[in-house]
Amino acid sequence: MSEPTSIWWERLQQYSAFFARAGTRGVPVEAVWGEFIGRLSFKLGESMAEAHVPFAIADDIREPATMAVEELAVLLRRRHEPGFDDHLRDNLAMEPRLRVKLRPRAYAVHRFRDESAEAASFRRALAADPLLDAGLLEAWLTRDGAADRLRSVIEGLYAKLAAAECTAPGEPITALFHMCLVKELLARKAASKDLPAKGLLYERAERAAGVALREIHRAAIAAAETALGPLSADPAARDLLDLFGLSLTPLAYVAIRRAALAFDLNPCGLSADLSRALDGLGTDAAISGRDPLGEARDLAGRLEDDANWRSALLAMHAIQLFREFAVSLLSCRDSRDLADVLPWPDFLQSDRAISDLLARPRDARALTAVVDEILLKVDKGSSATAFAQGLLSSIQAIGAAGAGRTLPDAPLRFLDLAARYVVRLLDTRTTDAMDGLLSRLDNRRDDTSLQQVKAEYEEGRLYRLSSDGLPAIRTRAVATCGQLFMDLKGYTKRTFRAKEIVMAEFLRDEFYGPLLSAARTLSMDRYDRHVPELLDLNNLLGDAIALSGTISSLMAFAREARAVFGEYEAKLAKLLGSSGASERIAQARARWEAEDGALAADIMALVRAQDAAGVQGPAMTRLKEALKVEELRARRAAARDAFDEEVRRIGGFGLEAGLFIAFGAAHESIRLKDGVFGELHVAVGEKINEAARGTARSGLVKARVDARLEEARALAGTARLELPFEVYVDTYTSLSLPPDLGRLFEGAVETKDLRAAAEAAKAFAQHVFLDLERMVAGGRQGAPLMLSPAEDIYNVGQAISAEALDAYIRERRVDTAHALLDLRTVDFDPRITGRFAFFSEMHRFVVSADLKKGGSPAEVFRRAGRVSFRGFEGSRGTVVYEILDPRSPFCELLVRHHAARAAAAAATAPSRALAGLPEE
């Protein structure tokens, strides 16, 4: 059987070939429209599902697009709104671009040859919407008008981009340009002030404007394909051209989709009655789009075999073809007489009107006679000949269907009908996919200033689409900067006690005020100009501050923050001394020390007894003794917490803050304008998140540190041992009960059954042993079910990532020398080990020497450990260094007995100084 020759069959073949090629590339049919986004060098979002692309259309495209839409809207009003033309005539001085002559309503295209691509575009527009006519379209497409300039500029850009992409494959800029242009034209149409017209529903005017814009766009693509010449046969070019053509569905530029089939004359190639009939047969359920040609052939066979609908479908299909051939023939130069016979335009809008006309023998004969005369006048082989012959065939088919006669070419007609229906379904799905894709393209011209758009383009943070020869995107050097995050500790508890008004005053006077003042000073250069590269405020939260800038400026801010806290502590000490609070604190300390000493003695006695017994004795007895020790340690830690809480309550809950500095890829700034909230600025970035995670104060880590401190005090026989550091990183094993084991525990507790408790404990021990066995085997026996290693940080001081410390060392090499200082615990001076408790054998420090001050120690950093922050589990983890407080007793002793020598050696022997932090 031969194949149909309609544009719908061509579109079906195009879909089939395009999907087949996409399938061979492993791209799902559903994702084929947005596949190019994954190949762009710049996009925002953490995954392909979230990816979106910022872009801007330059004025050489945006201005003619805006004017073309506005001129089309005005022409529609001039044609269909009574009195509007007279109104414009009085105001033409203000609207010189609207002086274009609007020809009387006509359907013959005089400006272009019948066989030209432009004439074909006119015919498609006339067959798609009843509000459009050749006189209006020719006025709109007047030479050098906005629509003609728009078509010309996008035609040239398509051809240039596609040729460059095919000869030197790289970024899919052509596909991006195409999709961005669709979004831009839709936005221009939506913004048109003249689209509504009196006596004309908005949805009708909107649809007509969408049909005209689509034809302009399609004409530009067709011209670009011609300009590509032989290159258009290249597979890459073919993919692009098919992508462009298929994505421009009949609904591509129609915003109110429900209006698309409101008339029998519509852009979809199926009248409203015919569409409803096919939908009613449930044929859409069998169409998946995987094999469009095969599905169309299957559908054609089912329709032909349906005895109930066979004749009715053929009749409606014949009427659809009659309409299309009539519109095409009316647009030809040599068919003016046809307009006198056909009562245009109401006639062709309705299937019923066509059927009624042809049911009257006299009218049918008159129409046939006029078409026969046209055939005698026009050149054989011309477009008009094909249209006239098709019109005669349609008249005969309508008559045959009405008489119940079988058409000899019925299988071909059913195949064309099925192709139209399958294409309509695929176009609908494509339009839905395009809607989703366009929502991922961010037109920065719509929500930000032109100055900001230019800045983002220069920074390589958006695609700029223009015909001026500039690159679509600048080569983007990955900018880096430091990120600092600092938050108050105990803020919620303090607010609860002090209430909001008092707390707000405290934050203003003791936190925000002095810290912002320090940041402001550090972010000014010597000419008193704000320099964001030095220090910039990103976010200000209820109990935290986030800054970005150079590592040196952030380190300087950290030092200023210590000074702010020092001043506050001095203020507190003065208040305590004058209020009698110091005496109450001394009394509380005496009570705590007495209780702590008694508990420490009990713990020491139990530990010594266990050591003496060794592994002898019943296992349950040893377990009970170990649990008793843990209970005493917990009571001791609770007593210390109670004492600290009492001191804070008496002294007004002093200021504690955790600070962390990270370094890496610069953050992205989001700037929003809101009519109520004004201009908003939000900074987002991985390193901001890392810095925020670095200020965590893990209760589990703190509990483990306290337990180890108690052990150290017990072993040393003194409760005077102190913690030397303010930042601790620890690895521990977390435990979670499986549901079945949890139910055993709950049942034992509820029933108070010791036997059930013993069974639960036995099952628990078995589960733990199996998990330990899996962990020892390195995961070869499966992942642990209950036990999982975890890392966390307890930070009530100042910390810095290894990346940031490395950047700081490199940034300050001119005036500062840095040296590594590795010490074992046994190497510490006895005055250090006699006062502080240490939980590891090796300690790494980085000591800086100020070259401007003769090499005296300036700063000391201590390696705290490696931690995988929440949300960064897939990485190797962050190596954390503590920035030691130079006023702390430990740092003073370390500098005096160890660090000073290392700093002096680095200052006097540059070869011994660090060029950067060693890799781990």
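Student: What is the volume of the second largest cavity?
Tutor: The model is a predicted one. Cavities of 30 Å³ or more are counted here, and there are 2 of them. For the second largest cavity, the computed volume is about 40 Å³.

Student: Which helix gives the largest share of the lining of the second largest cavity?
Tutor: The lining includes Tyr158, Thr174, Ile221, Glu225 and Phe244. Helix H6 (146–167), helix H8 (202–228) and helix H9 (235–247) each give two or more residues to this lining. The largest share is 4 residues, and the helix that supplies them is H8.

Student: How many nonpolar residues are in the lining of the second largest cavity?
Tutor: Ala162, Leu228 and Leu241 are among the lining residues. By class, the lining has 1 charged residue, 1 polar residue and, for the nonpolar class, 7.

Student: Which helix gives the most to the lining of the largest cavity?
Tutor: The largest cavity holds about 60 Å³ of space. Its lining includes Val182, Arg257, Met434 and Asp435. Helix H7 (173–191) and helix H18 (410–438) are the elements that give two or more residues. The most, 4 residues, comes from H18.

Conventions:
Residues numbered from 1 in each chain as written. Predicted model: local features only at pLDDT ≥ 70, side-chain atom pairs only at ≥ 80, totals over all residues. Heavy atoms only, no water. 1 Å grid on protein atoms, 1.4 Å probe; cavity = no way out; pocket = protein on both sides within 12 Å on 5 of 7 lines; lining within 4 Å. Points joined across faces, edges and corners; volume = space filled by probe spheres on them. Nonpolar A, V, L, I, M, F, W, Y, C, P; charged D, E, K, R; others polar.
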